[in-house]
Amino acid sequence: QVQLVESGGGLVQAGGSLRLSCTASGRTFGGYVMGWFRQAPGKEREFVSGIRWSSDTTYYADSVKGRFTISRDNAKNTVYLQMNSLKPEDTAVYYCAAVRSPVNRGTYYYAHLATWDAWGQGTQVTVSS
């Protein structure tokens, strides 16, 4: 069973940076895609970014392109989300997610909530203006 544990959230001023981490366990992750979603109060959970476990292929929502960078360390079974130039509208609970997806199906497919079948507990990110 896949287990995902996020860390690194916190309070930051607008324009600042944070790095989130997601440590995965429970199996080997070849063929998996790891992702980040976020959910602001009163809003639906939305896709932020994803990365294939075994290649350099990444996926980003338009709202974070150029500001956020996803990466991974396979030796540590950890995925990172580096968030720069943060805005108050980035305030949300950020969730790590995983899905076994050996074939690249593109950003549109991975942006759907129903695509993913493993979730972390979430970490709060608050950006003050």
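Two bridges join β9 to strand β10 (residues 118-119), and the two strands run antiparallel. This briefing describes a predicted model, in which local features need pLDDT of at least 70 and side-chain atom pairs count only at pLDDT 80 or more, while totals for chains, interfaces and linings use all residues. Residues are numbered from 1 along each chain as its sequence is written, and side-chain values use heavy atoms, with hydrogens and water left out.

**Overall architecture**

- The protein contains one helix and 11 strands; helices (H or I, at least four residues) and strands (E, at least two) are DSSP runs, numbered from the N terminus.
- Along the sequence, these elements follow the pattern β-β-β-β-β-β-β-β-β-α-β-β.
- The radius of gyration is 14 Å, which agrees with the value near 14 Å for a compact globule of 129 residues; this radius is taken over C-alpha atoms, and the globule rule is 2.2 Å times the number of residues to the power 0.38.
- Taken along the principal axes, the C-alpha atoms fill a box of roughly 40 × 30 × 25 Å.
- Of the 129 residues, 45% are buried; buried means under 20% relative accessible area, exposed over 50%, and partly exposed in between (1.4 Å probe, protein chains only).

**Strand β9 and its partners**

- Seven of the nine residues of β9 are buried, so this strand is largely enclosed by the rest of the structure.
- Strand β4 (residues 32-39) pairs with β9 in the antiparallel sense over eight bridges; two strands pair if DSSP finds at least two bridges between them.
- Within β9, Val93 stands opposite Gln39.
- Strand β11 (residues 123-128) also pairs with β9 in the antiparallel sense, over three bridges, and Val125 in β11 is the bridge partner of Ala92.
- In β10, Ala118 is the bridge partner of Ala98.

**The four-stranded open sheet**

- Four strands form an open sheet in the order β1-β3-β8-β7, with antiparallel pairing.
- Its edge strands are β1 (3-7) and β7 (68-73), each of which pairs on one side only.
- From one strand to the next, the twist averages 20 degrees; axes are lines fitted to C-alpha atoms, for helices over the stretch in contact, and angles run from 0 to 180 degrees between N-to-C directions.
- Six bridges connect β7 with strand β8 (residues 78-83) in the antiparallel sense, and Met83 in β8 is the bridge partner of Phe68.
- In a regular strand, the side chains alternate between the two faces of the sheet.

**Salt bridges**

- Side chains of opposite charge can pair when their charged atoms come close.
- The structure holds four salt bridges; a salt bridge is a side-chain nitrogen of Lys or Arg within 4 Å of a carboxyl oxygen of Asp or Glu.
- One of them joins Arg38 and Glu46 (2.7 Å, N to O); Arg38 is buried at 6% relative accessibility, whereas Glu46 is partly exposed at 36%.
- Another joins Asp62 and Lys65 (3.3 Å, N to O), and Asp62 is exposed, with a relative accessible area of 66%.
- Asp90 and Arg67 also meet in a salt bridge (2.7 Å, N to O).
- Asp90 lies in the loop between β8 and β9 (92-100) and Arg67 in the loop between β6 (58-60) and β7, so the pair ties together parts that are 23 residues apart in sequence.
- Asp90 is buried, with a relative accessible area of 0%, and Arg67 is buried at 10% relative accessibility.
- Salt bridges link Arg38, Glu46, Arg67 and Asp90 in a network.

**Aromatic rings and nearby charges**

- Rings of Phe, Tyr and Trp (its six-membered ring) pair if their centres lie within 6.5 Å; planes under 30 degrees apart count as stacked, over 60 as edge-to-face and the rest as tilted.
- By this rule, there are eight aromatic pairs.
- The ring centres of Tyr109 and Tyr110 are 5.1 Å apart and their planes stand at 80 degrees, so the pair is edge-to-face.
- Tyr109 is partly exposed at 32% relative accessibility, whereas Tyr110 is buried at 0%.
- Ring pairs link Phe37, Phe47, Tyr59, Tyr109, Tyr110, Trp116 and Trp119 into a cluster.
- The charged end of Arg45 sits over the ring of Trp119, 4.8 Å from its centre; a charge sits over a ring if NZ of Lys or CZ of Arg is within 6 Å of the ring centre and within 35 degrees of the ring normal.
- The charged end of Arg105 sits over the ring of Tyr109, 5.3 Å from the ring centre.
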